[in-house]
Amino acid sequence: MTDPGRPSFPEYDQLLALLELGAPWFQTEVVCNVAARDHTFAVHVASLGTRAPDAPAIGIFGGIHGLERIGTQLVLDYMRSVLCRLAWDELLHRQLEAVRLVFMPIVNPGGMYVATRANPNGVDLMRNAPQNADASVPFLAGGQRIGAWLPWYRGRAGAPMEPESLALLRVVETELLTRPLSFAVDCHSGYGWRDSIWFPYARTHAPMPHFPEMYLLKTMFEQAHPHHGYAFEPQSHQYLLHGDLWDYAYDRTPAHNLFLPMTLELGSWLWIKKNPRQLFSRAGIFNPIKAHRTARVLRRHVSLFDFLGRVAVAPERWLPHGPHRLHLLEQARAHWQNRNGAP
């Protein structure tokens, strides 16, 4: 139970309640603790499903940016749905015998508590990895080292990554990268007129080594959900940036394993267009304010999570090899031509 006298915020309380409700099913871990305004918050991870080390796994993440509460709410809502279905859904039980689910709903609880994009140290965690882009990035937004008083601060050059960044990477390395097949979905908001699914790279216009597999995943998702409405593309089609955590994790995948990370970017500009008064609220720039729009977001993206759970069960049915993979690579190159004529 939550302590009413303990400093908190609604999403954190919801997470603690879900961890208590899911105690018979979840394996839980506190991967780090962070301080914000003299209070300490734990960064929680909850996992369920098979413990077989070679089984496919799906990681669902949220709250890397403290202002983007809707991403965390989306992860929490899906966790709640999974727990409720365990009471009656035999197919879900069978799926979890073959697949592992990993949830990290609030990567940046300190930032969410103090209502900032960055963590309490002023660092934008999604600019915090050490690698640099190989071409020009947008001023400030691509990641800057001028200082924490400006947005999109990467941290000092040569300094260790922030505790929250390191915790996320440890979860990815131990739960996902060690497996022959794994996926990650990182839920964000605040960019664009439509929802997008972005994938590596953010640091370069060059294609990721698993371009064919990502193209095939997109194709299968469109076949299963032809009216999904996402823009499904490399992050670099929008802009390049320094220090992207998913680029960093992807590049550390063992050569014999397949890791497909995706960023689910919920387009908040449409919410603002429908309710311009949101511009006068920091929260409103990144989150739907109207209850019916929040409900629409929470129900709209379940199909993506369920789709990944289904394709993970039997990867031998769809993973490409040989000439088929080469043909998919040609299709992917033809489909994803970025602004500079690459990849």
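1. Two rings of Phe, Tyr or Trp (for Trp, the six-membered ring) form an aromatic pair if their centres lie within 6.5 Å; planes under 30 degrees apart count as stacked, over 60 as edge-to-face, and the rest as tilted. A search of the whole structure finds 20 such aromatic pairs.

2. Some conventions apply to this note. The model is predicted, with local features needing pLDDT of at least 70 and side-chain atom pairs counting only at pLDDT 80 or more, while totals for chains, interfaces and linings use all residues. Residues are numbered from 1 along each chain as its sequence is written, and side-chain values use heavy atoms, with hydrogens and water left out.

3. Helices (H or I, at least four residues) and strands (E, at least two) are DSSP runs, numbered from the N terminus. Buried means under 20% relative accessible area, exposed means over 50%, and partly exposed lies in between (1.4 Å probe, protein chains only).

4. Among the 20 aromatic pairs is the one between F41 and Y113, which is tilted, with 4.9 Å centre to centre and 50 degrees between the planes. This pair links distant parts of the chain: F41 belongs to strand β2 (residues 39–49) and Y113 to helix α4 (residues 109–114), 72 residues apart. F41 is buried, at a relative accessible area of 1%, whereas Y113 is partly exposed, at 22%.

5. F199 and W336 form an edge-to-face pair, with 4.9 Å centre to centre and 65 degrees between the planes. F199 lies in strand β6 (residues 196–199) and W336 in the segment after α12 (322–335), so the pair ties together parts that are 137 residues apart in sequence. F199 is buried, with a relative accessible area of 2%, and W336 also counts as buried, at 2% relative accessibility. Both residues belong to one aromatic cluster, formed by F199, F211, Y215, F232 and W336.

6. Strand β2 also deserves attention for its surroundings. Of its 11 residues, 8 are buried, so β2 is largely enclosed by the rest of the structure. Two strands pair if DSSP finds at least two bridges between them. Strand β1 (residues 27–36) pairs with β2 in the antiparallel sense over 9 bridges, and the bridge partner of C32 is V43 in β2. The hairpin of β1 and β2 has 2 residues between the strands, and R37 takes a positive phi near 50 degrees there. β2 pairs with strand β4 (residues 100–104) as well, in the antiparallel sense over 4 bridges; S47 stands opposite V102 in β4.

7. Which backbone angles call for a second look? Most residues other than glycine have a negative phi, and most peptide bonds are trans. A115, although not a glycine, has a positive phi of about 60 degrees; A115 is found in the loop between α4 and α5 (163–175) and counts as partly exposed, at 28% relative accessibility. W152 is not a glycine either, and has a positive phi of about 65 degrees. W152 lies in the loop between α4 and α5 and is partly exposed, at 27% relative accessibility. The peptide bond from P200 to Y201 is cis, with omega near 20 degrees, and Y201 is placed in the loop between β6 and α6 (211–224).

8. A charge sits over a ring if NZ of Lys or CZ of Arg is within 6 Å of the ring centre and within 35 degrees of the ring normal. R252 lies over the face of Y248, at 3.5 Å from the ring centre. The charged end of R300 sits over the ring of Y230, 5.3 Å from its centre.
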